[in-house]
Amino acid sequence: MNYTRRFTPYSLILGVTFFAPSIVKSASINVNGNCEVGCSFAAPLSNGQSTSGTFNFDYTFLDGDIYNFAGNYSATYSTLNGSTISIDPTITYEGVTPSVGTDTIDFNLTQDYFDSSCCTWAGTYYETVPLFLASTAGPGSTIAGQVSYDGESVGLVGPFGPGTYSVSESANLDFGGLDTDPTLLADFEFLDKFAAGTLPDTTASSTNATPEPAMFFPCGLGLILISYGFRRRNHSRSN
Amino acid sequence: MNPEKENPIPENVEAGDSVDRRKTLIQVGKFAAYAAPFTVLALSKKAEAATGHGPGKH
């Protein structure tokens with residue numbers, strides 16, 4: 001009994017000590033400058049830490065057009081392996097009639113990384129930006145995306161009209177005087193323009209359904225085993 | 001001579017056909033059972049999110 005009473009608080013302290021630093025919620029999502037997710041201050045990601053979450057909220061334009069934003073985000077940081085940031089937003093026009101005016105959306109997922117060790121954040125940065133815009137978007141609608149670090153873009157993808165796209169880019173970034181700063185700010189930005197006449201339930205997203213590359217190996221192995229089994233059976237019959 | 005005893009081939013052929021058909025069906029069934037999971041795996045897709053990554057401080 002005494003053992004249990006002592007063990008419980010100690011285990012709680014240990015749990016907080018070991019797990020709390022590795023799960024930090026520091027990402028924030030803004031739409032047209034308005035904070036929607038992660039608006040209170042949180043410490044940036046340090047070595048070995050990660051964050052993830054889901055979001056689902058509505059945004060109403062002055063002309064009355066309503067859009068829903070939903071998806072998942074995550075980010076990690078390791079001094080050895082570097083920084084990662086990931087998001088798959090889906091934006092849906094929620095109106096019951098075609099949109100009234102042109103609605104321009106500037107969607108940002110920002111994430112701070114903190115590393116006080118020597119020496120530089122400079123190096124090669126990569127981005128993969130899948131984009132989709134439904135053909136039911138109003139004439140002249142576009143979608144674009146990019147990731148920036150301390151204000152330097154890896155490369156703007158788009159703007160594209162309706163369709164499905166996926167672009168990977170890389171860039172050597174040199175942050176100059178900012179390099180001595182222990183903090184690096186990543187900003188995943190999507191610029192979506194829904195022109196007037198966008199039909200209800202029109203979506204723009206940054207996620208593509210792609211064949212699972214990891215499945216090619218087991219599929220190939222399975223086919224080889226099946227063909228081997230048939231050949232062996234036929235061979236034993238002929239004998 | 002009894003003509004039925006002289007020519008028993010049709011009955012045997014019919015029986016053989018039935019056995020062959022059953023074997024073929026079993027083979028097809030086994031192949032389908034083996035192939036189904038791999039077909040499901042081949043058709044499975046994953047959602048690709050927008051990602052960015054860079055080096056750690058160095």
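**Exercise 1.** What percentage of the 58 residues in chain B do buried residues make up?

*Solution.* Begin with the ground rules. This is a predicted model, in which local features need pLDDT of at least 70, side-chain atom pairs count only at pLDDT 80 or more, and totals for chains, interfaces and linings use all residues. Residues are numbered from 1 along each chain as its sequence is written, while chains are lettered from A and ligands numbered from 1 in the order in which they are written.

Next, the term. A residue is buried if 20 or more other C-beta atoms lie within 10 Å of its own, exposed if 12 or fewer, and partly exposed in between; the C-beta atoms are placed from the backbone. By this rule, 12% of the 58 residues in chain B are buried.

**Exercise 2.** List the elements of chain B from the N terminus on.

*Solution.* Helices (H or I, at least four residues) and strands (E, at least two) are DSSP runs, numbered from the N terminus. Chain B has 2 helices and 1 strand. Their order is α-α-β.

**Exercise 3.** Describe how strand 3 of chain A meets strand 4 of chain A.

*Solution.* Take the pairing rule: DSSP must find at least two bridges between two strands. Strand 3 covers residues 49–60 of chain A, and strand 4 covers residues 66–78. The two run antiparallel, joined by 12 bridges. For one position, look at A:Gln49, which stands opposite A:Tyr77 in strand 4. Now go to the turn. The two strands form a hairpin with 5 residues between them. A:Gly64 sits in that turn, with a positive phi of about 95°.

**Exercise 4.** Locate the cis peptide bonds at A:Cys119 and A:Pro159.

*Solution.* Take A:Cys119. The bond from A:Cys118 to A:Cys119 is cis, with omega near 15°. A:Cys119 belongs to the loop between strand 7 (103–114) and strand 8 (123–133) of chain A.

Turn to A:Pro159. A cis bond joins A:Gly158 to A:Pro159, with omega about 5°. A:Pro159 lies within strand 11 (residues 157–160) of chain A.
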